[in-house]
Amino acid sequence: MEPALNPYSPGSGLQPPFLAGREGEIEAFDLLLARTKLQYQGRGMILGGLRGVGKTVLLNKLRGMARHHEWLEVKLEARPGAAGSIDNRKTLARELQVAARRFTTSSYAGEKFKQMLRTLTSFSLSLGAQGISLGVEADLTRAGTGQIEIDLRDLTEDLARAMRTLRRGFVIFIDEMQDLDNELLSALVTAQHHAGQEELPFYVVGAGLPNLPSRLAEARSYAERLFDYRVIGTLEAKEAIDSFQIPAGRAGQEYSPEALEVLLNVSGRYPYFIQEFGSAMWEAAQESPFTDVDAEIASKIGLQRLDSGFFPSRWDRATPRERQYLTAMAQDGEDGSSSSSVATRLGTAVQNLGPTRAQLIGKGLIFSPDHGRVAFTVPGMSAYIERQHFAD
Ligand SMILES: Nc1ncnc2c1ncn2[C@@H]1O[C@H](COP(=O)(O)OP(=O)(O)OP(=O)(O)O)[C@@H](O)[C@H]1O
Ligand SMILES: [Mg+2]
């Protein structure tokens with residue numbers, strides 16, 4: 001097919017041509033927007049899932065909805081590590097300053113808006129994020145202690161109070177939320193809790209790896225009841241079929257049922273893989289309807305592409321020692337391994353592997369779904385490792 005017309009979009013955070021299977025989350029967020037308008041409380045949302053399932057594109061979709069309703073909204077992509085934690089705070093302050101600028105005009109002359117800008121200015125000062133003037137003096141008695149938990153609570157309170165007068169809300173979208181440091185994570189949970197008690201329309205909507213809910217619960221035990229937790233994963237068969245068919249259909253092309261069958265299997269109905277194999281199908285097909293023979297060729301092209309991009313971009317980040325660890329894990333397949341069985345396979349004690357395990361978690365290659373367990377962050381990683389092993 002004509003390469004320039006290829007409708008699929010394999011990549012990171014690239015809006016898919018057809019966003020399948022996320023109606024539940026979209027409806028839940030729509031409800032939050034509607035309830036806020038009626039001055040009812042709602043809950044923030046946490047989207048948890050493996051790499052490449054579509055968390056970022058869903059978060060962006062929800063963000064678009066908040067924008068459409070003219071909420072005060074900011075998005076932060078959390079960065080890990082010590083440098084990341086300073087950066088995350090500054091980015092938050094800066095993004096808030098940018099977002100709040102539209103409330104500096106004379107249409108928002110009320111006292112609550114003035115206070116919102118004064119508190120935000122103070123918050124930014126205390127985080128060392130100056131530069132964008134909101135045209136008011138800082139109120140140093142609000143959000144100016146230098147203690148993020150208190151400051152964030154003051155800040156979200158004053159911002160949400162102002163937004164409530166407009167029957168709109170204030171939302172912080174956070175991608176890669178598992179990478180936030182404990183202090184900021186706890187502060188956000190506390191602020192969310194406080195807003196609920198004060199009946200203020202402030203919400204955190206976060207996306208991250210499947211261990212994010214447990215990270216939140218560790219930060220504050222009440223986090224469990226604070227958010228609407230959603231697992232973002234593989235698509236249902238019907239949704240996966242739509243993801244393949246609808247974009248092709250819009251370009252006037254179609255799949256034979258046999259071709260679809262092949263691609264449903266090889267993609268495992270994972271959103272990223274669907275885009276990769278759909279794109280390969282477009283390249284392989286000579287005419288429409290696409291045949292199963294074309295689909296077999298597309299499977300090979302797609303797999304080769306994953307094996308030369310998606311998987312090695314992770315594998316190559318691991319040291320030899322870490323690769324041994326990953327290889328030992330691969331025997332258990334997709335469901336993850338217990339740390340102790342990995343240790344047994346490597347002929348050593350669990351404690352000796354602690355640093356390797358921590359480094360792999362730090363690099364985002366594995367995560368701990370439960371106490372004493374580890375799993376790959378990427379679907380299909382164990383099969384990739386086995387394939388490689390076989391090739392060696
Ligand atoms: N609902 C969906 N239907 C079809 N394709 C989708 C869907 N959601 C995402 N995709 C596609 O999947 C790919 C990955 O999406 P995205 O980057 O949002 O995943 P992610 O979960 O944020 O991954 P990571 O954890 O690596 O950041 C993109 O190519 C995107 O177009
Ligand atoms: Mg993402």
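Mentor: Happy to! Let's begin with what is absent: there are zero salt bridges between domain 1 and domain 3, a salt bridge being a side-chain nitrogen of Lys or Arg within 4 Å of a carboxyl oxygen of Asp or Glu. One residue pair, with both members at pLDDT 80 or more, is in polar contact between these domains (a pair of N or O atoms within 3.5 Å, where one must be able to donate a hydrogen and the other to accept it, and residues adjacent in sequence count only if both atoms are side-chain atoms).

A word on the background: this is a predicted model, in which local features need pLDDT of at least 70, side-chain atom pairs count only at pLDDT 80 or more, and totals for chains, interfaces and linings use all residues. Residues are numbered from 1 along each chain as its sequence is written, chains are lettered from A and ligands numbered from 1 in the order written, and side-chain values use heavy atoms, without hydrogens and water.

Domain 1 spans 23-231 and domain 3 spans 318-391, with bounds from an automatic or database domain assignment. Their C-alpha centres lie 34 Å apart. Where they meet, five residues of domain 1 are in contact with seven of domain 3 (heavy atoms within 4.5 Å). About 550 Å² is buried between them, with carbon and sulfur atoms giving 70%; buried area is the accessible area (1.4 Å probe) that two parts lose on being put together, summed over both. Leu50, Arg51 and Asn211 supply 68% of what domain 1 buries against domain 3, more than any other three residues.
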